[in-house]
Structure formats: C-alpha cells, structure tokens
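Subject: Structure handover and notes

Hello,

Please find the structure below, together with its sequence. Have a look at it before you read the notes.

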Amino acid sequence: MAVDDVKRHLAEFGLDGRVREFDTSSATVELAAQAVGTEPRRIAKTLSFLVDGRAILIVAAGDARIDNPKFKAVFHTKAKMLTPDQAIEMVGHAVGGVCPFALPPDVSVYLDESLRRFDTVFPAAGSAASAVELTCEELERCCSNFEEWIDVCKGWREPAPDEAQGND
C-alpha cells in the first residue's frame, strides 16, 4: 500500500507520525481541505506530467493552476498530464493520492512558488484518504528526487491594487 511506503519514507526524516488517514476521500483539493480542516489553498496538490518520456511532479498550492507559457519556458515542452494508468505505472501512486514521497528514482519533483506563502501545507500521503502537514522547508527536505523551486502557476497571487479595482 502506497501510504505505508510514504510513512516509511517520512520516517527517515522523523515525520511519519504526522501522516493523517481519513475515513472519507481527500482526493480533491476541496475534499482534502475539509478532511484536514483548512482552507483549500493550503492543500499542496501534486500534479504529474510527462516531459521527455519521463514523469515529473509539480507540487503547487490548491488555488494555483498551471500557466502553460510558464511551464513551456521551464520545461521546453507543452504541459501534458499523465493519465491515471500512467500515474500508477510511472509514479507508483494513484491519482488522488499522488504525492512527492516514496517515488521511483527517475521521477523528479519540483515545488511551485505558490506554496511559499504558507507556514504549513498539506500534501497527500500516498492514498486518496491521507495527508501530512509540513512546513515548506520540511517538504523540500523530504521530497523524493527534489530538483528545485519553480514558478509555473497562475491564479494564486493577490491582484495588484490597480488590477483589483479594474484600473488597467
């Protein structure tokens, strides 16, 4: 079971005791926020993409969306998400429980800047009914195959005062 693999992985960092398992699904940002009792933007969703024939994961805030031009500028290809079958095969976690822990060595993990505005965030822990609360520093430290922090998302930044009033 993937959640057990995640617990073993997090135990290497002394964080396995923070994994929470739920009786209800936490497979979407909204469900995860309800399960852990937080606002949806603090859910650290893990998105899986195919880049040059390999799976990569991008962990982003729950209110962030991939910005295709930014993605292409970083990865030099169009954003193409893994299918549910590819996620299981290439990442080892099913959609709804995809997380940046206990991964095969060829799966790279990137953390999006949208997470840095929070003291703690809640990524999944290997199942569609689990989560773990971590600081961004802890998340970076215990991610499998962490590469770097990137900025490939939109929709999460507070609008500038002029934009909020509609003054372009």
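This is a predicted model: local features need pLDDT of at least 70, side-chain atom pairs count only at pLDDT 80 or more; totals for chains, interfaces and linings use all residues.

Residues are numbered from 1 along each chain as its sequence is written, and side-chain values use heavy atoms, with hydrogens and water left out.

The sheet

Helices (H or I, at least four residues) and strands (E, at least two) are DSSP runs, numbered from the N terminus. Two strands pair if DSSP finds at least two bridges between them. As background, strands of a sheet pair through backbone hydrogen bonds, either parallel or antiparallel.

The sheet here is open and has five strands, in the order E6-E2-E3-E5-E8, with mixed pairing. Strand E6 (122–123) and strand E8 (146–150) are at the edges; each has a single partner strand, so one side of each is left without a neighbour in the sheet.

Strand E2 (residues 43–51) pairs with E6 in the parallel sense, over two bridges. Phe122 in E6 is the bridge partner of Ile43.

Contact means heavy atoms within 4.5 Å. Axes are lines fitted to C-alpha atoms, for helices over the stretch in contact, and angles run from 0 to 180 degrees between N-to-C directions. Helix H3 (residues 68–75) touches E2, strand E3 (54–61), strand E5 (108–112) and E8, and its direction makes about 135 degrees with that of E3. Helix H4 (residues 84–91) touches E2 and E3, and its direction makes about 105 degrees with that of E3.

E2 also pairs with E3, in the antiparallel sense and over eight bridges. Ala61 in E3 is the bridge partner of Ala44. The hairpin of E2 and E3 has two residues between the strands, and Asp52 takes a positive phi near 55 degrees there.

E3 and E5 pair in the parallel sense over four bridges, and Leu111 in E5 is the bridge partner of Val59. Is E3 buried or exposed? Buried means under 20% relative accessible area, exposed over 50%, and partly exposed in between (1.4 Å probe, protein chains only). Seven of the eight residues of E3 are buried, so E3 is largely enclosed by the rest of the structure.

The largest pocket

Pockets are found on a 1 Å grid over the protein atoms alone: a pocket is an open set of points with protein on both sides within 12 Å along at least five of seven lines, and lining residues have an atom within 4 Å of a point. Grid points are joined across faces, edges and corners, and a volume is the space filled by probe spheres set on the points.

The largest pocket has a volume of about 330 Å³. It is lined by 23 residues, and Ala27, Lys45, Thr46, Gly96 and Val98 lie nearest its centre. Helix H2 (29–36), E2, E6 and strand E7 (130–132) are the elements that give two or more residues to this lining. E2 gives the largest share, six residues.

By type, the lining divides into 15 nonpolar residues, seven polar and one charged. Here Ala, Val, Leu, Ile, Met, Phe, Trp, Tyr, Cys and Pro count as nonpolar, Asp, Glu, Lys and Arg as charged, and the others, Gly among them, as polar.

Single residues

Most residues other than glycine have a negative phi. His76, in the loop between H3 and H4, has a positive phi near 60 degrees. His76 counts as exposed, at 67% relative accessibility. Asn145, in the loop between helix H5 (136–142) and E8, has a positive phi near 55 degrees. Asn145 is partly exposed, at 27%.

Glu138 lies in helix H5 and is buried, with a relative accessible area of 13%. Leaving aside neighbours within four places in sequence, Glu138 is in contact with Leu15, Arg18 and Glu133.

His9 lies in helix H1 (residues 2–11) and counts as buried, at 13% relative accessibility. Not counting residues up to four places away in sequence, His9 touches Phe101, Ala102, Cys142, Cys143 and Ser144.

Regards

Definitions and conventions:
On a 1 Å grid over the protein atoms alone, a cavity is a set of points where a 1.4 Å probe fits but cannot get out, and a pocket is an open set with protein on both sides within 12 Å along at least five of seven lines; lining residues have an atom within 4 Å of a point.
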